[in-house]
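Take a look at the structure first, and then we can go through the contacts together.

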Protein chains: 2
Amino acid sequence: MTIKEFSSRTGISAHTLRYYEKIGLLRHIRRLPNGHRDFSEKDIQWIAFVQRLKDTDMPLEQIRRYADLREAGDTTLAERQQLLENHARGLRESLAQQQRHLDKLNEKIALYRSAVKRGRLS
Amino acid sequence: MTIKEFSSRTGISAHTLRYYEKIGLLRHIRRLPNGHRDFSEKDIQWIAFVQRLKDTDMPLEQIRRYADLREAGDTTLAERQQLLENHARGLRESLAQQQRHLDKLNEKIALYRSAVKRGRLS
DNA sequence: CCTTGACTTAGAGTCCACTCCAAGCCGTAG
DNA sequence: CTACGGCTTGGAGTGGACTCTAAGTCAAGG
């Protein structure tokens, strides 16, 4: 599929897709005889995973390292597992922290609710 | 207290504190006769709240708007409440999304666990 | 044949949130 | 008196992740 179609199916701009290829997040993209990129379903699946890592705040540089390992083959399975487990642990901790922040924020909002009735804070 | 002490109590570098004052996140910081900043406990409380907003990914620009409202006095209570409620809603949604991401990541890790035993993926 | 439009590249520019730098003032210790 | 450390300022530089620009190729439509 063309970069335009790939872009609309993934929600990533064509610009960004070229950038991702340049920095090594996307590799071995097939090319048509005219040099245009020809994306596949495999590419869709890979980029969806990349998006998940990105959406959970993994830096592109680390995603690139994961891509390196992936490319190196089955001997890097344990290393990739480790990388993902570390990332998941960080994510769990961040989730817990964000939950605490949300609780505190809700307390503050409760204060505001009664303050608004009284027309003044505290 | 000096900027150094304030910095060590809040974990925010002196550089960043001056930057925060410059962009309007910190206001009316008392000054000593020699021009040095003299932070108070009130400043500690305010910056702690700023940190909470920042840690929950509120852009500094929006925190600055909140500071504007706060400065304008009790007539802006409802507006501030609204701002915080919108932020809390976004945070709840983000939390739910991150939880889904974590679940998916854990599924992937489970795949890796068994793949590592077999020495190959899938 | 020429225009249009989608694609290609290398490289420059943007935005956010810092982070650092240079130059200078002030108070104390030697 | 001078050196030093800590503070002050305006402004420049950094890093991450895009985002855009310029200049070019190529295929289809009028």
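Predicted model: local features only at pLDDT ≥ 70, side-chain atom pairs only at ≥ 80, totals over all residues.

Buried means under 20% relative accessible area, exposed over 50%, and partly exposed in between, with a 1.4 Å probe and protein chains only. Residues are numbered from 1 along each chain as its sequence is written, chains are lettered from A and ligands numbered from 1 in the order in which they are written, and side-chain values use heavy atoms, with hydrogens and water left out.

**Aromatic pairs**

- Over all chains, the structure holds 10 aromatic pairs (rings of Phe, Tyr and Trp, the last by its six-membered ring, with centres within 6.5 Å; planes under 30 degrees apart are stacked, over 60 edge-to-face, the rest tilted).
- One of them is the stacked pair of A:Phe6 and A:Phe39, at 4.1 Å centre to centre and 15° between the planes.
- A:Phe6 is buried too, at 0% relative accessibility.
- B:Tyr19 and B:Tyr20 form a tilted pair, with 5.9 Å between centres and 45° between the planes.
- B:Tyr19 is partly exposed at 39% relative accessibility, whereas B:Tyr20 is buried at 6%.

**Cluster and charges**

- A:Trp46, A:Phe49 and A:Tyr66 are linked into a cluster by ring pairs.
- A:Arg70 lies over the face of A:Trp46, 4.0 Å from the ring centre (NZ of Lys or CZ of Arg within 6 Å of the ring centre and within 35 degrees of the ring normal).
- A:Lys108 lies over the face of B:Phe49, at 4.1 Å from the ring centre.
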